[in-house]
Amino acid sequence: MQLRTKNPVTSGVTNMFIPHTEAERDEMLRAIGVNKLEDLFCDVPERFRFPDLDLPPALSEMEAVAQLDELAATNDTARSLISFLGAGAYHHYIPSAVDSIIRRGEFFTAYTPYQPEVSQGTLQAIFEFQSLVTALTGMDVSNASHYDGASATAEAGIMAYHHFRGKRPRMVVSPSVHPHYRQTLQTYMSGYPDVEVLGYDQDPFGTPDQLIPLVDYNTSLVVVQYPDFFGRIFDYTNFAAKVHEMGALLAVAINPIALALLKTPGEFGADIVVGEGQPLGIPLSFGGPYLGIFAVKNAFLRKIAGRLVGETVDGQGRKGYVLTLTAREQHIRREKATSNICTNQGLMALAATVYMSLLGKSGLQKVAELCYQKAHYAASRISEIEGYKVIAQHPFFHEFVVECPRPVAEINEILLDYDILGGYDLGKEYPSLNRHMLVAVTEMNAREDIDELCDALQEASHE
Amino acid sequence: MSEPTIFELSSPGRQGVRFPEADVPHTQLPHGLLRSNFPFPELSEVDVVRHFTHLSRLNYCIDQGLYPLGSCTMKYNPRVNEDAARMPGFAFTHPLQPVETVQGNLALMFAMQEYLKEISGFAGITLQPAAGAQGEFVGVMIIKAYHQSRGDVKRNKILIPDSAHGTNPASSAMLGFEVAHLPSDSKGNVDLDALRSICDDTVAGLMLTNPNTLGLFDENVAEVVQIVHEAGGLVYGDGANLNALLGIARPGDIGFDIMHFNLHKTFSTPHGGGGPGSGPVGVAAHLVDFLPSPVIAIIEDGNDEIPPLYGFANPPQSIGRVKSFHGHFGMLIRAFTYIIMHGPDGLRKISEYAVLNANYLRVLLQDVYHLPYKRICMHEFVVEGKWEDAPGVIALDISKRLMDYNFHPPTNYFPLIVHEALMIEPTETESKQSLDQFADVMLKIADEAHHHPELLKEAPHITPVGRLDEVKAAKELVLCCWIPDKI
């Protein structure tokens, strides 16, 4: 797909978003006391002033939509294909009401609610988001959101580092935590030269207990995922106790849909819950914008990064909401802030709030069960195909690993001929696993889709 | 009357969405791994839609009127952007699809990189950062990586003018730098003498917002850049105020080494009540190897008949990854739409009119509101919200009173170097009439401040709630609804 420009338009084009007429412009210039627009830029050194920008000429809305349509049409999508691709971003059904709410100008064209009297809508919605996240995770406090699962994981690292005032420089991270989360944590931790992050070189398919020997009294944080990157569900109750014996904190990266069924991280003793909120009503959108979940136990309430909304009253005793504990944040504390986060994922948190409210208790459980049932059907069918082996010694949720008779990249190419978007090629992040495919199944996959996948896998098994 | 919370509205047994029954054989759920209790609300679709519609009505928004928050660039958000981002061909693409199946996305992202390069004068772009603050973090990391790659390890200091955004020092501190503050001179520019005296071989870089947060273009910017470069430091540009510079000047030409963009300010992607933003970072030629990985590249050249194949590339000395996947693609679509609808002349017009509007409003207000730096401003300006002959009235009171006249207040108490600061950025999308109305109200409030100060002190009067007790909120810390059967 090559970008090109149709119907070039000459300069002097009307700008639909700038309302001034020429007469109004001239009147304003006179009021300012200058003759022309150029005079307003006298402070800009002349040699830099008014560069010619080599950009395509302006398109009308109609032409722009045509160009965008053409670009969009070049793509295959999780909807035009049958998709079994997950690995941290999931194709779920999003009820129409979600988008209809977040498309209200009152929500999407508002700023961060720094002026609470005219932002109660946003503030109460965030307060409800915080409440739903604590209910879902079994934690005490949720913030107003982070960028995504990866940056939330990195912020957990920063929080743990500061919690121990830098005296516990070791972090232990399971190799079955999403590779992007691990890489992002690593990037963020490079600001702390004494921090060592261990665990990545352990057996990817090992159990959490293999990490325990790495956890010592210098360890500030242990990070695991639930269900993990390979879809496996471990009860971390005993693991949490062992981590706590060494005085370290436990962060658990979650999939929010799975928590409608599973024991909560709060129950098994997690100190921090992070996670990717995208499955909660947010479109795949090629990777973003998504939603970082960040929740903690009460003990860490003042260490949490990002915004928090609290309930209070006005002078007449009417209930209202404000941003609170702002003294932790960058605009007050500057270089002493716990994080530099400012703009976060407000509208995505609203989408998740609407999604969780609409589905409610039974709807969210239903989606989780459908994912679970269909994934298990798929696993059992695939395990019957000659040459394929489902690796499932442990319970799994809606994703599982299949060992394939050929490199996954080759199989996926063949699946595409059948209009099937195959599972994630684990060899991309774990070079030794280039014959291992991570298959994700959600409520969007009908039984026939799964059967088609099995037929295609069978076809793809031989050269 | 206040709106109940979603938990208070819950009625056990209600359902907002129905899903089809399972079409596969039943598998037993994993016994022993299940939660015992799920305290979630239960509502019908109409309950939910009404609840959030009620909430939405409690917000002020750009669609309603002028939103003059300084340094926030609250411009109108074109509706076509929203439709573009929701085109199924974009919205349903998975970030890990084979590149051959997402050439439309990659072509758009590649073009965005090229457009941002051209607009800013930089040699390389990453689209990955989620927001301006994360862009800054990336920028400071690149500064650090650059010096380290040259074995120049004693540079532990980042210089930050006293007028800077709070994210600048916070981002520097996150990477272990010491922050050294630079004063402004009497005209609001960086104090060159102070800069010269602090610049030595421990300076890693300078973070400069230009135009600065007073809305002033630093007249000595080229000299500032030169002084830092001569000391071996790099110059980081905070792109928060780029709305003043489109087609006016390119930071890369001036000599900046790095800059982040805020697509949610300059390029009209919506603020969404606090995000999502998007904070691409541009770098000069000597820094492209350090960009976060991956960047979008042409991996197979095309020709007249065959388009090129777009894909991902990892810069050789990359600082690594700063988030999952490839950045806020949905926001990139919106900004792309905005850029192609403006073209080079349209972009310049944005900045010209943003600056025209700010200066017009400045002139209407400056006889009544003290303007500490009397110069032609760029896209915003700062006045003091206090008068000696109206003791007791502070900037906050003026802001709250503006709400009674159906305007959103300006930014308060920032920048820190102006007392009782009111920082006003009207943006180019406001008409002369809208600015005249706002100025009339501001002048009326100034008059009230002198004759009926109680109107300001008790404001706002017409909003859903009055001034809220922030001390109580911070003391009692009620951070979630009462949830009936939460364990």
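Predicted model: local features only at pLDDT ≥ 70, side-chain atom pairs only at ≥ 80, totals over all residues.

**Two helices in chain B**

I looked up helix α4 (residues 103–120) of chain B and helix α10 (residues 329–365) of chain B: they pack at an angle of about 45 degrees, with axes 10 Å apart. Axes here are lines fitted to C-alpha atoms, for helices over the stretch in contact, and angles run from 0 to 180 degrees between N-to-C directions. Helices (H or I, at least four residues) and strands (E, at least two) are DSSP runs, numbered from the N terminus.

So α4(B) is oblique to α10(B); under 35 degrees counts as roughly parallel, over 145 as roughly antiparallel, 65 to 115 as roughly perpendicular, and the rest as oblique.

Next I checked who touches whom. From α4(B) the contact includes B:L108 and B:Y115, and from α10(B) it includes B:F329 and B:F336. Contact needs C-beta atoms, placed from the backbone, within 7 Å.

Residues are numbered from 1 along each chain as its sequence is written, while chains are lettered from A and ligands numbered from 1 in the order written.

**Domains in chain A**

Chain A is assigned domain 1 (22–66), domain 2 (82–92 + 361–460) and domain 3 (97–354), with bounds from an automatic or database domain assignment. I found 25 residues of domain 2 of chain A in contact with 21 residues of domain 3 of chain A. On the domain 2 side, α10(A) gives the most, 7 residues.

Key: Contact = placed C-beta atoms within 7 Å.
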